[in-house]
Amino acid sequence: MNKWLNKLFQLTSNGTTVKKEVMAGFIGFFTIVYIIAVNSLILSEAGIPLEAAIMATIITSVVGCLIMGFWANVPILLVPGMGINALFSYTMVQSMGLSWQEALAVVFVSGLIFVVIAFSRFAATLSAAIPQSLKEAITVGLGLFLMLIGLEKGGIVVKGTNSLIALGHLGEPHVLATIITFLLALILFIRNVPGNFLVTVVAGTLIAWLFGTIQPQDSQNGHFAFNEYFQVFGSMSFDNVLSITFWIAVFSLTMVLVFENIGLVHGHVSFINRNDRFSRAFQANSVSALLSGVFGTSPTVSTVESAASMAAGGRTGLTTVTAGLLFLASAFFIPVIKLIPNSAIAPILIIIGGLMLQNIRNLDMKDMSESFPALFLIAMIPFTYSIADGIAIGFILYPILKIATGKAKEVSVPLYVIAALFLFNFVFHVIGS
């Protein structure tokens with residue numbers, strides 16, 4: 001079996017082993033498994049039945065990870081994206097007035113456009129059009145965003161208040177559990193202890209139990225109404241396909257899907273020095289996004305939490321396939337998975353975010369027309385709590401500063417078009433609000 005896996009996923013040539021890849025898959029799964037509950041709740045806000053949303057999230061994550069693992073052979077986890085799911089429920093359905101069935105049709109059409117771009121030369125053109133400074137900035141911005149999510153999950157920072165509460169609330173059990181787990185995780189990571197993140201998850205759960213923040217008896221056996229899910233599967237509605245609203249939704253979603261994932265995929269393959277896999281990873285991403293509409297959920301993205309798998313040693317698609325199979329098994333063990341507290345996951349996100357922040361050293365700080373758009377992009381991703389908005393602002397600012405400094409020729413034509421499209425999208429949302 002090991003020889004077959006080694007040949008299929010090219011483990012030896014990538015300096016890894018079956019054991020290391022499987023363990024990295026476990027880490028990635030436990031880091032991102034929260035998406036099952038969170039994404040389902042957001043989809044239910046659009047009117048999709050909760051249990052059907054849970055099954056849609058699980059099935060989409062399984063298929064997405066398997067496609068990425070076997071086609072691209074990189075450790076990038078594909079699950080429904082945070083931010084895009086909010087765009088689906090709160091903007092497309094609640095604000096724009098589409099039904100959730102019509103919104104799923106929007107996902108399908110956007111995914112189809114994404115596939116055309118990913119499997120054509122246009123993908124390489126778009127990637128080449130993005131300056132290296134902005135690519136580096138996306139990685140750093142994602143790292144900062146990941147740290148923020150970790151701090152919030154651990155109760156150290158309260159979302160919406162920007163207030164540090166750990167020092168003033170050391171008596172809070174969940175904060176104490178997070179701090180102790182973080183110190184343990186940091187020590188294990190710096191000392192390069194094998195399986196350090198997995199040890200962190202297990203130890204962090206035990207610590208949380210000792211502090212009384214989780215109660216095993218609180219976990220209830222769940223069941224899934226498969227009949228309810230079958231009413232959602234393939235239930236896209238194209239009745240409104242000729243309306244302006246439908247195509248505005250398609251445009252907005254496609255912009256976010258394509259450029260957010262260009263940044264995410266580039267950041268991930270760069271993180272493991274496998275830039276040659278960008279094209280296939282981007283293609284896998286597009287196919288998964290297309291299928292999301294069929295399965296009944298908002299689109300998948302190359303999730304930022306994939307960096308946890310990579311930091312744990314994952315280098316090939318075996319990591320992703322492992323995570324995908326765990327998602328499949330999670331349908332039967334959701335009550336157990338729900339026991340893993342935020343205080344056990346938050347330290348891992350903080351550490352991974354810190355690793356990604358190191359890319360800031362690659363920015364040319366002497367040229368403000370290069371560095372300032374990059375720095376602004378980095379800041380705006382966590383400050384707006386939106387990867388897409390942060391990227392858009394950086395892309396708009398870059399050509400403006402180049403023109404202002406007499407360096408307009410340094411900006412490629414595709415980037416001018418991209419910036420104009422992002423600007424149009426912002427103007428549309430301002431007018432629409």
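Reader: Hi! Let's start with Phe259 and Phe422: buried or exposed?
Author: Hi! Both Phe259 and Phe422 are buried. One thing to keep in mind as we go is that this is a predicted model.

Reader: Noted. How many aromatic pairs does the structure hold?
Author: There are 16 aromatic pairs in the structure. Phe259 and Phe422 make a tilted one, because their ring centres are 5.3 Å apart and their planes meet at 55°.

Reader: And where do Phe259 and Phe422 lie?
Author: Phe259 belongs to helix H12, while Phe422 is in helix H19, which covers residues 413–432. The pair therefore ties together parts that are 163 residues apart in sequence.

Reader: Nice. Which residues form an aromatic cluster?
Author: One cluster is made of Phe26, Phe29, Phe30 and Phe327.

Reader: While we're on rings, what lies over the face of Trp71?
Author: That would be Arg280, at 3.7 Å from the ring centre.

Reader: Changing topic to charges: how many salt bridges does a search of the whole structure find?
Author: The search turns up 4 salt bridges. Asp367, Glu370, Lys402, Lys407 and Glu410 are linked in a network of them.

Reader: I'd like to go through Lys402. What is the distance between the closest N and O atoms in its salt bridge with Asp367?
Author: In the Lys402–Asp367 bridge, those atoms are 3.9 Å apart. Lys402 sits in helix H18 (residues 387–404), and Asp367 is in the loop between H16 and helix H17 (368–384). The two residues are 35 residues apart, so this pair links distant parts of the chain.

Reader: Which parts does the salt bridge of Lys402 with Glu370 tie together?
Author: Here the side chains meet at 2.9 Å, N to O. Glu370 lies in helix H17 and Lys402 in helix H18, so the bridge ties together parts that are 32 residues apart in sequence.

Reader: What about Glu410 and Lys402?
Author: Their side chains also form a salt bridge, with an N to O distance of 2.8 Å.

Reader: Okay, on to the nonpolar side. How many residues has the largest nonpolar core?
Author: It has 113 residues. Those with the most contacts inside this core are Phe88, Phe259, Phe282, Ile352 and Phe395. Helix H12, residues 244–271, supplies the largest share, with 13 residues.

Reader: What is Ile352 in contact with, leaving aside neighbours within four places in sequence?
Author: Ile352 touches Leu146, Phe197, Ala307, Ala308 and Ala311.

Reader: Which residues are in the other core?
Author: That core lies apart from the largest one and has 6 residues, among them Leu5, Leu11, Leu318 and Val321.

Reader: Last one, helix H16: how many of its residues are buried?
Author: H16 is mostly covered, with 13 of its 16 residues buried. The helix takes in residues 342–357 and reaches 22 Å from its first C-alpha to its last, close to the 22 Å expected at 1.5 Å a residue.

Reader: Great, thanks for walking me through it!

Key: Residues are numbered from 1 along each chain as its sequence is written. This is a predicted model: local features need pLDDT of at least 70, side-chain atom pairs count only at pLDDT 80 or more; totals for chains, interfaces and linings use all residues. Side-chain values use heavy atoms; hydrogens and water are left out. Helices (H or I, at least four residues) and strands (E, at least two) are DSSP runs, numbered from the N terminus. The expected span of a helix is 1.5 Å times one less than its number of residues. Buried means under 20% relative accessible area, exposed over 50%, partly exposed in between (1.4 Å probe, protein chains only). A nonpolar core is a set of buried Ala, Val, Leu, Ile, Met, Phe, Trp, Tyr and Cys residues joined through side-chain atoms within 4.5 Å. Contact means heavy atoms within 4.5 Å. Rings of Phe, Tyr and Trp (its six-membered ring) pair if their centres lie within 6.5 Å; planes under 30 degrees apart count as stacked, over 60 as edge-to-face and the rest as tilted. A charge sits over a ring if NZ of Lys or CZ of Arg is within 6 Å of the ring centre and within 35 degrees of the ring normal.
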